[in-house]
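Hi,

Here is the structure we talked about. Please open it alongside this note; the findings follow below.

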Amino acid sequence: MTQVNANVFRQAVLLLSLIGLPSAVFGDAATSAHWMAPEEAARRVNPVPVDSASRERGRKLFEANCVSCHGPTGRGNGPIAARLETLPADLAAMAGQHPDGDFAWKIAEGRGAMPAWKKVLKDKEIWDLVNYIQNLGKSDDSQRGHSHAH
Ligand code: HEC
């Protein structure tokens, strides 16, 4: 897994250097190898308070729309995951690793096998999903925090 990440990272570095992006883009080397929202989108402040009501709305939306691919616990092992060209992201592993705005943008815009949800879900519903996802894989709700460095 680490090896794979390292390879992906090297490819991203190569690609970015080829298209001449300034190295300042690499604010965070650990996440820049990864599909990332544009900086501005990633910086958006989550307008929906992180509370159990929001996470519960997010959980219901997740069950209705996302588990087929991402799996019931967000691990990326839903029933149709294996049939996709790209494996669905392990959202439980990514919880807390990306800013809220980054997840929200990716959910809205989609990429490849990941559908764009902006025409299906309301903005607020996407933020509820973000609040739910950021808490995945944590046993204790109170641990949810803005652990991301940005
Ligand atoms: C048809 C399968 C499918 C469904 C349904 C689906 N996803 Fe995805 N999702 C994917 C795939 C595949 C990726 C990886 C895309 C890539 O990296 O190119 C992904 C990536 C993501 C990411 C990006 C994670 C990251 O940081 O790289 C988020 C967030 C996400 N999905 C959330 C959701 C949410 C929320 C829903 C439900 C509203 C959902 N997905 C429904 C297949 C799906």
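A helix here is a DSSP run of H or I with at least four residues, and a strand is a run of E with at least two. The model is predicted. By that count, the protein has 8 helices and 0 strands. Read from the N terminus, the elements run α-α-α-α-α-α-α-α.

Overall packing next. The protein has 150 residues, and 25% of them count as buried. Take the contacts between residues at least 6 apart in sequence: 60% of these join residues at least 24 apart.

Now look at helix H8, residues 123-133. Why is H8 largely enclosed by the rest of the structure? Because 8 of its 11 residues are buried; a residue counts as buried when 20 or more other C-beta atoms lie within 10 Å of its own. The buried residues of H8 are Ile126, Trp127, Asp128, Leu129, Val130, Asn131, Tyr132 and Ile133. Their cover includes helix H4 (52-65), H6 and H7.

Then the ligand. Which residues come nearest to the ligand? Cys66, Cys69, Ala89, Ala113 and Met114 do, out of 24 residues around it. The shell holds 15 nonpolar residues, 7 polar and 2 charged. Three helices each supply at least two shell residues: H5 (67-70), H6 (91-94) and H7 (100-109).

Best wishes

Note on methods: Residues are numbered from 1 along each chain as its sequence is written. This is a predicted model: local features need pLDDT of at least 70, side-chain atom pairs count only at pLDDT 80 or more; totals for chains, interfaces and linings use all residues. A residue is near a molecule or strand if its C-beta atom, placed from the backbone, lies within 6 Å of it. Ala, Val, Leu, Ile, Met, Phe, Trp, Tyr, Cys and Pro count as nonpolar, Asp, Glu, Lys and Arg as charged, and the others, Gly among them, as polar. A residue is buried if 20 or more other C-beta atoms lie within 10 Å of its own, exposed if 12 or fewer, and partly exposed in between; C-beta atoms are placed from the backbone. Two residues are in contact if their C-beta atoms, placed from the backbone, lie within 7 Å.
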